[in-house]
Amino acid sequence: MKDLSPRPGDLEAIETASRDEISALQVKRLKWALGHAYDNVPFYKASFDAAGVHPDDLTTLADLARFPFTVKQDLRDNYPFNMFAVPREKLRRVHASSGTTGQPTVVGYTQGDLEVWGQVVARSLRAAGLRAGDMLHNAYGYGLFTGGLGVHLGADALGLSTVPVSGGMTERQVRLIRDFQPKGITVTPSYALSILDEFNATGLDPRDSSLQVGVFGAEPWTNAMRLEIEAAFDMHAVDIYGLSEVMGPGVSMECVETKDGLHIWEDHFYPEIINPETGEPVADGEQGELVFTSLTKEAFPIIRYRTRDLTRLLPGTARSMRRMEKVTGRSDDMIILRGVNVFPTQIEEQLMTVHGLAPHFQIVLSRPDRMDEMLVQVEAIAGFSSNEERVHAAADLKGKVKRNVGVSIKVDVADPGGVARSQGKAVRIIDNRPKS
């Protein structure tokens, strides 16, 4: 893999500022953000008043813990535009969730918000090793989902040549990578595996492609999958994080020279880690639920938003701003199986160590009697076809999950391509258990 480390003069001054400078900027911007939300969003005025706090009460960063949380249901209850702090006519962009699990959540952006979004995504893509003039193959979905258009905004700000492929039509993805010779690709890690499968199916060696870096996000993925993708493509694989409620992609980014966690762009997003059960803040270094407060958003300020993502905060390394460890899962995606907490990433970690199995999987939960059962559907790699080989691989996976995760599972090994593919975020859990 080529060295894509930044050159002298590449970084913005804020990326190497002292912690005192960053903290002082955060206090200043937090005061503005709390006041902006309180004065212009009835929900926040009512929420702050009910908690007995006022924006003027914040004098230090620690004071933010006195303010109430915002949760996804609050956004749904105020659908579509009641969480906005500016008149609708000042919006330049509106995005929304799919709403497949309930009322959609709607977010909006002023022209100023779009400029900030472009800046933080450009900063993120530069941290990945991309530079002005490079070509980017953007395979995130375009539309109401913030991924495709958010990355495109930052690519424009950085001066990249962007190929707006979006998701799907995997054969075309491979053809365009072959023909256009992009340096970078932005895509969900699960769909990157589908692109890899298509390379292999067409007889093309992915290591011979032009790709030097992949920017992967929108779903949790493990370091084991990173190594698999890097070896398959001979390119760097780095993590990007964001969620539409906070901004979209570009809230934090892994730096290609260290790959040791995602630096949070703390000049625009203030992070906290809380105990997900009690809601109390925990110290940096302790694992818990990630909470974000926006510092500069005009149209859609967000105060102490509970992301449900589980991680921990670490000191800065390649940049002064703090890092968040790779997200290990979501508190609302955690499976409790016979008293043991299980995350899909734990299953993925074990799967990646089993010879003969591809890194595609789904977890199917059922309750045939009184006890919950977990079936992990996986698939064999090409050429791994004998029944004896598959039985051995299934036993290997079951044993590793039992030893390392602490639960007993069933394993079904399908033919290559037998596990459902996603062209966006992977659907890892199918819950067939009775709802009552």
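**View 1. Helix 9 and helix 10 cross with right-handed geometry in this predicted model**. Helix 9 spans residues 344–351 and helix 10 spans residues 387–404. Their axes come within 9 Å. The crossing angle is roughly 130°, and the two helices are therefore oblique to each other. Helix 9 contributes Ile 347, Gln 350 and Leu 351 to the contact. Helix 10 contributes Leu 397, Lys 400, Val 401 and Asn 404. By class, the contact has 4 nonpolar, 2 polar and 1 charged residues.

**View 2. Arg 390 of helix 10 pairs with Asp 415**. The closest N and O atoms of this salt bridge are 2.7 Å apart. Asp 415 sits in the loop between strand 20 (410–414) and strand 21 (429–431). The two residues are 25 residues apart, and the pair links distant parts of the chain. Arg 390 is buried, with a relative accessible area of 14%. Asp 415 is partly exposed, at 48% relative accessibility.

**View 3. A salt bridge joins Lys 259 and Glu 230**. The N to O distance is 2.6 Å. Lys 259 lies in the loop between strand 8 (248–254) and strand 9 (262–264). Glu 230 belongs to helix 8 (residues 223–233). The partners are 29 residues apart. Glu 230 is buried, with a relative accessible area of 9%.

**View 4. Asp 239 and Lys 326 form a salt bridge between buried residues**. N and O are 3.0 Å apart. Asp 239 is in strand 7 (residues 236–243). Lys 326 is in the loop between strand 14 (323–324) and strand 15 (329–330). This pair links parts of the chain 87 residues apart.

**View 5. Seven-residue view: a network of salt bridges links Glu 12, Glu 15, Arg 123, Arg 126, Glu 257, Asp 267 and Arg 319**. The structure holds 34 salt bridges.

**View 6. A cis peptide bond joins Tyr 79 and Pro 80**. Omega is about -5°. Pro 80 lies in the loop between helix 3 (72–77) and strand 1 (93–96).

**View 7. Gln 181 and Arg 304 have positive phi values**. Neither residue is glycine. Phi is near 60° at Gln 181 and near 50° at Arg 304. Gln 181 is found in the loop between helix 6 (170–180) and strand 5 (184–187). Arg 304 lies in the loop between strand 11 (288–294) and strand 12 (305–311). Gln 181 is partly exposed, with a relative accessible area of 48%. Arg 304 is buried, at 2%.

Terms used:
Residues numbered from 1 in each chain as written. Predicted model: local features only at pLDDT ≥ 70, side-chain atom pairs only at ≥ 80, totals over all residues. Heavy atoms only, no water. Axes fitted to C-alpha atoms, helices over the stretch in contact; angles between N-to-C directions. Helix = DSSP H or I, 4+ residues; strand = E, 2+ residues; numbered from the N terminus. Parallel < 35°, antiparallel > 145°, perpendicular 65-115°, else oblique. Left-handed = near helix turned anticlockwise from the far one by under 90°. Contact = heavy atoms within 4.5 Å. Nonpolar A, V, L, I, M, F, W, Y, C, P; charged D, E, K, R; others polar. Buried < 20%, exposed > 50% of the residue type's maximum accessible area, 1.4 Å probe, protein only. Salt bridge = Lys/Arg side-chain N within 4 Å of Asp/Glu carboxyl O.
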